[in-house]
Amino acid sequence: MLTDILQKLIVLVFGVLFVMSAARILIRWKNVNRTERTQILKTAEYFNAWIILVCFVTTMIYGIFNHFELKKSVHAIVSLNYSEASQALNSNGTRYNMAEVICDEVVERAIKKGALKKVTVKQLRNCLVVYPCVQGGVGDESQYHISTEFAVEYHASKDTAHLDSENVIKLITSAYKEYYIEKYTDNFSLDAEKPDFSQMEYMDIVSYFEKETQAILNYLYGMAGKNPSFVTENGSTFNSIAGKVHQFKETQINQNLRSLILQNGIVRDKNEYIDRLSYQNKNVDFDRQKNNASFNLCNQAIDMYSEEMTRVVLVPTWDQAGKYYMGRTKVGVDELSVMATNFSNYVASNEKEIMDNNLIIDKISSNNQGTRISSSADALVESIYESIKGFEKEAINAGREYSRHKMNQCIAVSIYGISLMSEIKALVMFAVFAYITLMLQHISKRFPRKA
């Protein structure tokens, strides 16, 4: 703040001196004739040592203050290098909004990331400006332009003068990258709240764990399909993490937990759970009967076709060269066969579900569990839940690491600090102005006052 005042004070002093000198010359201009004016201007010491010395000293002082002022301002260019950017879209297809580069969430993240002290989100945001590097017009189609480069400027205020300008702009752009990755790129999360396992039946807990682990596997397989060779900082790939999750699912959930529950018939409310499974079996059996009836109908329809029709059906057609040939075509039997196979699979699935439920009912009915077995199951449930959350965190970290790797190529940031040429230009301009002012002041004294 002090450097800004002193810089402006130097310019103000020379500005006032320039006006006063010019005014003095204009006022006294008529006090001398043309010959005397010419003589005054010709004999003026344009290379006066004292003037040059004063001009040099003041220019150096101005340059020092100007340097400190320029250090308070810095800007960065954020370039979007993915294909959707040319359509003003984010990488997930949503509308791009450049204002998010300096939104409150990004600024708050930057403050926390850099542990910036004695500054609020509002104070820091007031120092930031964002705008497209190339702006189009709406006059006609030739002026239409969608910018894929955006300038972010930071100008320190009295509230943020204690902060390093380049560090601030680096924190803002880094925080924006993280914000963009979390909001617009591949993301994944399971249920945020932990279920109350004490209110769930043990077999329902098994189903819940299977669903959660399958969700993690689906995410990992999807990411592996995008880049199977990507390796995280820990040396893992999406497929290797998926392998661990699959192995855990088969051993801990299906073998250990499910086997412990079935072998010991562990249940919280025997009568209620048996009634629920029996009701499920009735519904599934109804579906099984429908699927079985559809399967029989398909077979009956197939039997109605003549054997000669179902062998090979050839029809005249022609190829791309225009030559005729006999091509095989499908008949109704083909479609009916496929439908019959599907209905047969549905019937098998329904029967398996009924058999599984009956197995659970039989195990529960002969339940001789003790408190110790239930306690062991509860401890195993907690252990499995914590492990699943660990796998979830590992999958999310791997996904975000991949997104950062991808976005580092898709979102480029170039930071520009103090320009040496701009500083030299400002010094030269001030030096010229100071020299002209001092010369005017020196020449004005040579014009006599009115007699």
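Okay, let's start at alanine 115: just after helix 4, this residue takes a positive phi of about 50°. When I say helix or strand, I mean DSSP runs numbered from the N terminus, H or I of at least four residues for helices and E of at least two for strands. Before going on, a word on what we're looking at: this is a predicted model, where local features need pLDDT of at least 70, side-chain atom pairs count only at pLDDT 80 or more, and totals for chains, interfaces and linings use all residues. Residues are numbered from 1 along each chain as its sequence is written, and side-chain values use heavy atoms, with hydrogens and water left out.

Back to that loop. Alanine 115 sits between helix 4 and helix 5, and lysine 118 is in the loop between those two helices as well. Lysine 118 also has a positive phi, near 55°, in a residue other than glycine. Why mention it? Because most residues other than glycine have a negative phi. Buried or exposed, then? I'm calling a residue buried under 20% relative accessible area, exposed over 50%, and partly exposed in between, with a 1.4 Å probe and protein chains only. Alanine 115 comes out at 54%, so it counts as exposed, and lysine 118, at 76%, counts as exposed too.

Now step back into helix 4, residues 104-114. Val106, Val107, Arg109, Ala110 and Ile111 are buried there. What covers them? The cover includes helix 5 (121-125), strand 2 and helix 6.

Strand 2 takes us to the sheet. It's an open sheet of four strands, order 2-3-1-6, with antiparallel pairing. Strand 2 (128-132) and strand 6 (411-416) are the edge strands with a single partner each, so one side of each has no neighbour in the sheet. On average, neighbouring strands here are turned by 20° against each other, direction ignored. For pairing, DSSP has to find at least two bridges between two strands.

Strand 2 pairs with strand 3 in the antiparallel sense over five bridges, and valine 130 stands opposite valine 152 in strand 3. Strand 2 has two faces: Leu128, Val130 and Pro132 are on the covered one, Val129 and Tyr131 on the uncovered one. At the other end of the order, strand 1 (residues 73-80) and strand 6 run antiparallel, joined by six bridges. Take serine 79: its bridge partner in strand 6 is alanine 412.

Helix 6, residues 165-184, packs on this sheet and touches strand 1, strand 2, strand 3 (149-155) and strand 6. Contact here means heavy atoms within 4.5 Å. The direction of helix 6 makes about 25° with that of strand 1. Those angles use lines fitted to C-alpha atoms, for helices over the stretch in contact, and run from 0 to 180 degrees between N-to-C directions.

One more local thing, in helix 3 (residues 49-70): that's where phenylalanine 56 is found. At 51% relative accessibility, phenylalanine 56 counts as exposed.

Last, the whole chain. How many helices and strands are there? Twelve helices and six strands. Of the 451 residues, 35% count as buried. Among contacts with a separation of 6 or more, 80% are between residues 24 or more positions apart.
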